[in-house]
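Colleague: I am new to reading protein models and would like to learn feature by feature. Please take me through one.

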Amino acid sequence: MDVFHVTDQQGKKLSDSKTIDYIEKALGPKGHITDVLKAWPGKRVGVHSVGDHTAIELIGRDRPGLLSEISAVLANLHFNVVAAEVWTHNRRIACVVYVNDNSTCQPVDDPNRLSTMEEQLKNILRGCEDDEKVGRTSFSMGFTHVDRRLHQMLFADRDYEGDGLANEVDHYPPCFQPKITIERCEEKGYSVVSVRCKDRAKLMFDIVCTLTDMQYVVFHATISSDGPYASQEYFIRHMDGCTLDTEGEKERVIKCIDAAIRRRVSEVSNYHEIQDLRLELCAKDRVGLLSEVTRILRENGLSVTRAGVTTIGEQAMNVFYVRDSSGNPVDIKTIEALRKEIGHTTMFNVKKVPTSSKAPETKGWGKTSFFFGNLLERFLA
């Protein structure tokens, strides 16, 4: 029997009943749409929890301005983006986008229109490459939790083996580098996966999803934290009952868990000195809003490393984690330019300003600054 002592993101222990409630909600509906789908829009694939929509999955090679180009295609074809989740890792991008018709607010079921959209999106994902595997799109109607679906997409895309990893800047200080080992427990016949890394929300979720998608069964686990560090051990076997006996198997599992941990690095504070800048925007929803905002980010030399988009009522709320296209910290001049260009029509807030940038002057800033509080923290937690 597994025993968990669960805390919220502020470290406060949750009651047993609330813990059970959270776990049941995270595991998803048992053939029905639960209240969590109505309260947390955009968090599940293919479930009509944000009104009627068509869910689209995209995966391909990441490059500066790609999200802006995707958004522009959808806007030009009169699709309204109701919600979206975007992850990037190792120069790959995975997106789950929820759209509907901009005039009827209904899902799009015209096969010709969908075929046109798919072909245009494939062309953008393909870019200058001729290889068909560079980019893929599909229409999703499953019931998978969107975060798990993004893990599955990147895992299937083999982002853990990508050739871009060696060329990317490693944002982890040596003390926070994930340390993953696999040993054999002879007495019980398990393989023991040990993970020690920077503690954060959803760390166990990411690791367990990855092990499950790799066809391993977790029989026991020990989870603990010590200050900023997390220590986790998983006692596993393959679904056929076998343990990890070859060095090749062990190496693959270590790579996949390491990738699962790093995919959320952009949202974790204190991981690295050059933090991604978090932009929170709120505006009245309209067709083309996402395209406009991502265009402005691109024109200011910013790359989106992770994004979350949702719509509640008539309000669109977007969160972008961005960095300079060259990998340098975002300077204060760029922040000021964004504020002037976006802030006139959108409530705009900046968080995690890099340490190399000076704090913006308050003059003129407070008029457009907006803090969403727990709402957006819950949306991207």
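Colleague: Is Met204 buried, exposed or partly exposed?

Modeller: We use relative accessible area, found with a 1.4 Å probe on protein chains only: under 20% is buried, over 50% is exposed, and what lies in between is partly exposed. Met204 has a value of 31%, which means that this residue is partly exposed. Met204 sits in helix 6. Along the sequence, Met204 and Ala230 are 26 residues apart, while their C-alpha atoms are 9.7 Å apart in space.

Colleague: What should I keep in mind about the model itself?

Modeller: The model is predicted, with local features needing pLDDT of at least 70 and side-chain atom pairs counting only at pLDDT 80 or more, while totals for chains, interfaces and linings use all residues. Residues are numbered from 1 along each chain as its sequence is written, and side-chain values rest on heavy atoms, with hydrogens and water left out.

Colleague: How many helices and strands does the protein chain have?

Modeller: There are 10 helices and 12 strands in the protein chain. Both are DSSP runs numbered from the N terminus: helices are H or I with at least four residues, strands are E with at least two. Of the 381 residues in the chain, 48% are buried. A contact means heavy atoms within 4.5 Å. Among the chain's contacts with a separation of 6 or more, 71% join residues 24 or more positions apart.

Colleague: Now to helix packing. At what angle do helix 5 and helix 6 pack?

Modeller: In general, two packed helices are described by the angle between their axes and the distance between the axes. The axes are lines fitted to C-alpha atoms, for helices over the stretch in contact, and angles run from 0 to 180 degrees between N-to-C directions. Helix 5 (residues 146–156) and helix 6 (residues 203–213) pack at about 50°, and their axes are 10 Å apart. Angles under 35 degrees are called roughly parallel, over 145 roughly antiparallel, 65 to 115 roughly perpendicular, and the rest oblique. Helix 5 and helix 6 are therefore oblique to each other.

Colleague: Which residues of helix 5 and helix 6 meet?

Modeller: From helix 5 come Asp147, Arg148, His151, Gln152 and Phe155, and from helix 6 come Phe205, Asp206, Cys209, Thr212 and Asp213. The residues of this contact divide into 3 nonpolar, 3 polar and 4 charged. Here Ala, Val, Leu, Ile, Met, Phe, Trp, Tyr, Cys and Pro count as nonpolar, Asp, Glu, Lys and Arg as charged, and the others, Gly among them, as polar.

Colleague: What about helix 3 and helix 8: at what angle do they pack?

Modeller: Helix 3 and helix 8 pack at about 150°, with axes 8 Å apart. That makes helix 3 roughly antiparallel to helix 8. Helix 3 contributes Leu67, Ser68, Glu69, Ser71, Ala72 and Ala75 to the contact, and helix 8 contributes Leu290, Ser291, Thr294, Arg295 and Arg298. By type, these residues are 4 nonpolar, 4 polar and 3 charged.

Colleague: Which residues of helix 8 are buried?

Modeller: In helix 8 (residues 289–299), the buried ones are Leu289, Leu290, Ser291, Val293, Thr294, Ile296 and Leu297. Their partners include helix 3 (66–76), strand 2 (79–89) and helix 9 (332–342). Just after helix 8, Gly301 has a positive phi of about 75°.

Colleague: Where is Cys105, and what is its phi?

Modeller: Most residues other than glycine have a negative phi. Cys105 is not a glycine, yet its phi is positive, about 60°. Cys105 lies in the loop between strand 3 (92–101) and helix 4 (111–126). Arg158, also not a glycine, has a positive phi of about 60°, and its place is the loop between helix 5 and strand 5 (179–185). Arg158 counts as partly exposed because its relative accessibility is 45%.

Colleague: How many aromatic pairs are there?

Modeller: Rings of Phe, Tyr and Trp (its six-membered ring) pair if their centres lie within 6.5 Å; planes under 30 degrees apart are stacked, over 60 edge-to-face, and the rest tilted. The count is 3 aromatic pairs. Phe155 and Tyr160 make a stacked one, 5.8 Å centre to centre with 25° between the planes. Phe155 is buried because its relative accessibility is 17%. Tyr190 and Phe235 make an edge-to-face pair, with 6.2 Å between centres and 75° between planes. This pair links distant parts of the chain, strand 6 (residues 190–198) and strand 8 (residues 229–238), the two residues being 45 apart. Together with Phe219, Tyr190 and Phe235 form one aromatic cluster.
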